[in-house]
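The model is predicted.

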Amino acid sequence: MPRPTRSTRRKVAVATWRAPRDGRLYGRLAVDATALLAYVAEQRAASGEHVTVTHVVGKAVARAMREVPEAHGRVLLGRVVPYPSCDIGFAVDLGGSDVAPVKVVGADTASVAEIARQLARGAARLRDGADRDFETSSRLARIVPWWLARPLLTLAGFVNGGLGLRAFGQPGFPLGSAFVSNVGRFGLDEGLLAPVPFARAPLYVLVGRLADAPLAVDGAVVVRPQLIVTFTADHRVIDGVQAGGLVGAVRAGLLDPTLLG
């Protein structure tokens, strides 16, 4: 029987998550991806960057956060405190055995091509072992005993996620004000992301698989490429009103990506 793969993410997950009990708000968005795919192709040709659907979703989420500022905050000492900038974290695959985040600062004002460029650079640093923060936090995760990991992550949640200070090999606000990942490339139609408590990000976005589906267009049923995006929100920060505003803004940006700037 093969030995189970050990990874930093798995150790942190075990030390971080308890049985689900906190308030979460979940949402699902299915959109006609025809215009989105055309926009991705145009951006690739114009910029030379490997722009993907995930980059556009991240940009749409950043713009939505800017349009709904009530959702753009984290809980600190019993209060919702706004973030100083609209940063979006993206999950990067490190070869199938581990994942790590790359944060794009000011994603609401960055172009989709610039987001793709920053992510490519960050992913290259991670895969080359040249990301100092990730290497430091990974080393700490490997050497810290399991019984000490949970209290250390609680402290990291206050320092990194709450105060926004660099510590424990993590930058301030390590996942930004929202975190985006993609399971569609693994063949999953959709899913829901589990929040990482110490990061205190109020919104987690998961991009599902692109697939043809029957859609109603101008009163007729046609087959179009469809993208499913799901949301997991901190219900202390985001309620139904904010969720509706966020999802509406993301929907508009994906149906017509030229609106994203």
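## Salt bridges

D32 counts as buried because its relative accessibility is 18%, under the 20% limit. Its salt-bridge partner is R224, with the closest N and O atoms 2.7 Å apart. The two residues come from distant parts of the chain: D32 belongs to strand 1 (residues 24-32) and R224 to strand 9 (residues 220-234), a separation of 192 residues. R224 counts as partly exposed, at 27% relative accessibility.

The structure holds nine salt bridges. Another of them joins the side chains of E49 and R117, at 2.9 Å from N to O. E49 sits in the loop between helix 2 and helix 3 while R117 is in helix 4, so this pair ties together parts 68 residues apart in sequence. R117 is partly exposed, with a relative accessible area of 23%. A network of salt bridges links E49, E114 and R117.

R166 and D133 also meet through their side chains, at 2.6 Å from N to O. Because R166 lies in the loop between helix 6 and strand 6 and D133 in helix 5, the pair ties together parts that are 33 residues apart in sequence. R166 is exposed, with a relative accessible area of 58%, whereas D133 counts as partly exposed at 23%.

## Nonpolar cores

The largest nonpolar core has 52 residues, and V56, V57, L203, L227 and L254 touch the most other members. Helix 3 (residues 53-67) contributes the most to this core, with eight residues. Beyond its neighbours within four places in sequence, L254 contacts V31, L36, V56, V57, A60 and V229. A second, separate core has eleven residues, among them L153, L175, A199 and L206.

## Helix 4

Helix 4 (residues 112-127) has 16 residues, which at 1.5 Å a residue should span 22 Å; its end C-alpha atoms are 22 Å apart, in agreement. Its buried residues are V112, A113, I115, A116, L119, G122, A123 and L126. Their cover includes helix 2 (34-47), helix 3, strand 4 (88-93), strand 5 (99-104) and helix 5 (132-143). After helix 4 comes G129, with a positive phi near 70 degrees.

## Loop positions and a surface patch

L77 is in the loop between strand 2 (73-76) and strand 3 (79-82) and is exposed, with a relative accessible area of 69%. Together with F158, L163 and L165, L77 forms a nonpolar surface patch of about 380 Å² accessible area.

Q170 is in the loop between helix 6 (146-163) and strand 6 (178-182). Q170 is buried, at 17% relative accessible area. Setting aside neighbours within four places in sequence, Q170 contacts S137, N160 and L165.

Conventions:
Residues are numbered from 1 along each chain as its sequence is written. This is a predicted model: local features need pLDDT of at least 70, side-chain atom pairs count only at pLDDT 80 or more; totals for chains, interfaces and linings use all residues. Side-chain values use heavy atoms; hydrogens and water are left out. A nonpolar core is a set of buried Ala, Val, Leu, Ile, Met, Phe, Trp, Tyr and Cys residues joined through side-chain atoms within 4.5 Å. Buried means under 20% relative accessible area, exposed over 50%, partly exposed in between (1.4 Å probe, protein chains only). Helices (H or I, at least four residues) and strands (E, at least two) are DSSP runs, numbered from the N terminus. Contact means heavy atoms within 4.5 Å. The expected span of a helix is 1.5 Å times one less than its number of residues. Patches are made of residues with over 30% relative accessible area and no salt bridge: like charges are joined within 9 Å, nonpolar side chains (Val, Leu, Ile, Met, Phe, Trp, Tyr) within 5 Å. Accessible areas come from the Shrake-Rupley method with a 1.4 Å probe; for residues, only the protein chains shown count as cover. A salt bridge is a side-chain nitrogen of Lys or Arg within 4 Å of a carboxyl oxygen of Asp or Glu.
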